[in-house]
There are 2 protein chains.
Amino acid sequence: MKKRHTEISEKVIDRLPKYYRVLGELLASGVKKISSKEISEMLGFTASQVRQDLSNFGGFGQQGYGYETEVLMDEIKKILGLGREFSLIIVGAGKIGRALAAYEGFASEGFKIKAMFDKSADKENGILGIDSIEKYLAENKIDIAVMTVEKEAAAELAKRLFAAGVKNFWNFAPAELSVPGAIVENTNMSESLFKLGYRVNANLNNNPKEGI
Amino acid sequence: MKKRHTEISEKVIDRLPKYYRVLGELLASGVKKISSKEISEMLGFTASQVRQDLSNFGGFGQQGYGYETEVLMDEIKKILGLGREFSLIIVGAGKIGRALAAYEGFASEGFKIKAMFDKSADKENGILGIDSIEKYLAENKIDIAVMTVEKEAAAELAKRLFAAGVKNFWNFAPAELSVPGAIVENTNMSESLFKLGYRVNANLNNNPKEGI
């Protein structure tokens, strides 16, 4: 029996975008059928992990036959909500904000960046002043605000945006952002690097002859 | 009894940088002692999760007393390998590469960016040509290569760097990078956004009156 999507665990949700990406690559290379073993080898999960994850979404896999690449991809796409369009604004026009604005692969998946805001407007580069944000939000429905401001400013600004109607935040400021009632995805660049540092360090400690 | 660090699970390692950051913020505000409950409230984990995680590193917490902020932070710093210095190069001088090069908080934690490479050299902006990378690596010990090239180029280039002595990679190309024998941390910007999309979508489906 199919589980309701709301019951799917956070860990499965973490892995769904990876399945989605790999299936897209397979489809682009003309692969019409794929086994859980092959998916697992592409992602570094075990085959039984893959089977267990995908069983959350009903019975489109068959023992000894595998999955239809396109059917599985479409189903994951629906679950991820990628069928619809999301409107985004970027708040903070520093290097991270500008890099995200230029990042390929957001728009093609329905995440459309509508405007960028900063402390002071910069019309030449299409950057609006933060003072005009309430007016902008009254006239434009925005689903997600991407917060690329300094951590000192992030919480206060997010509260202001929430009051003006933005209910979802993607936060890059290096401090966990929490806005009561809002959905927040925190992405901390340093944390990824620290995790890598941990593994590099543990590896060096186990192989001291390599030095650093 | 203290567990060997190599036995600590991936999930605990995922949370360590968050503890480290929160403890740094507490220390900066002059907080000398902290309970697992207070830490849990700052991070959104349960208090028992915090106690369980921190118990991996021995007995510096006491029931009804809490943790010494500085002692705990120092211990986590050691475990994360943040006491030492890592040398980094950025491979790919696009917007993401340049944003990372300018990101604060890496250098202060010992992650020093030594050089940036791209297909064609750009001396004015301090960007070296990729053709010179083997020569550079023969003369400079580099711990981590940050891969911010297109996904078509990432795997081939990483293999080349690995042969030239780079054993650790932080990959931003939107395809899982795997280099046999190397340590790889994959950071996919789209995946974070997709996860947010999933939650926004699930929320809208549960509250259809809000529309989109």
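**Entry 1: a salt bridge between the chains**

I began with Arg199(B), which forms a salt bridge with Glu185(A); their closest N and O atoms are 3.3 Å apart. I note here that I am working from a predicted model. Next I asked how many salt bridges the rule finds across the interface of chain B and chain A. The tally there is twelve. I also looked up polar contacts between chain B and chain A, and the count is 16 residue pairs.

**Entry 2: which elements touch chain A**

I then went through chain B to see which elements supply at least two residues each to the side that touches chain A. Among the helices I wrote down helix 1 (10-28), helix 4 (69-80), helix 5 (95-102) and helix 8 (189-206). Strand 4 (86-91), strand 8 (168-171) and strand 9 (183-186) of chain B also belong on that list. Which of them gives the most? Helix 8 of chain B does, with 17 residues. By residue type, I found 33 nonpolar, 14 polar and 20 charged residues on the side of chain B that touches chain A.

**Entry 3: extent of the interface**

I looked up the contacts next: 67 residues of chain B are in contact with 67 residues of chain A. Together the two chains bury about 6,300 Å², and 64% of that is on carbon and sulfur atoms. I also checked whether the copies use matching surfaces. Of the interface residues of chain B, 100% are also interface residues in chain A, so the copies meet through the same surface.

**Entry 4: how the copies are related**

I superposed chain B on chain A and got a rotation of 180 degrees with 0.0 Å of shift along its axis, at an RMSD of 0.0 Å. I recorded this as the relation of a two-fold axis. Where does chain B come nearest the axis, going by C-alpha atoms? At Ala99(B), whose C-alpha is 3.2 Å from the axis.

**Entry 5: aromatic pairs**

I picked out Tyr19(A) and Phe45(A): their ring centres are 5.9 Å apart and their planes stand at 80 degrees, so I logged the pair as edge-to-face. This pair links distant parts of the chain, 26 residues apart. Tyr19(A) is in helix 1 of chain A, while Phe45(A) is in the loop between helix 2 (36-43) and helix 3 (47-55).

**Entry 6: a salt bridge within a helix**

One I looked up joins Lys37(A) to Glu41(A), with the closest N and O atoms 2.9 Å apart. These two residues are four apart in helix 2 of chain A, so about one helical turn separates them.

How values were computed:
Residues are numbered from 1 along each chain as its sequence is written. Chains are lettered from A and ligands numbered from 1 in the order in which they are written. This is a predicted model: local features need pLDDT of at least 70, side-chain atom pairs count only at pLDDT 80 or more; totals for chains, interfaces and linings use all residues. Side-chain values use heavy atoms; hydrogens and water are left out. Copies are superposed by least squares on the C-alpha atoms of residues with pLDDT of at least 70 in both. Contact means heavy atoms within 4.5 Å. Buried area is the accessible area (1.4 Å probe) that two parts lose on being put together, summed over both. A salt bridge is a side-chain nitrogen of Lys or Arg within 4 Å of a carboxyl oxygen of Asp or Glu. A polar contact is a pair of N or O atoms within 3.5 Å; within protein, one must be able to donate a hydrogen and the other to accept it, and residues adjacent in sequence count only if both atoms are side-chain atoms. Ala, Val, Leu, Ile, Met, Phe, Trp, Tyr, Cys and Pro count as nonpolar, Asp, Glu, Lys and Arg as charged, and the others, Gly among them, as polar. Rings of Phe, Tyr and Trp (its six-membered ring) pair if their centres lie within 6.5 Å; planes under 30 degrees apart count as stacked, over 60 as edge-to-face and the rest as tilted.
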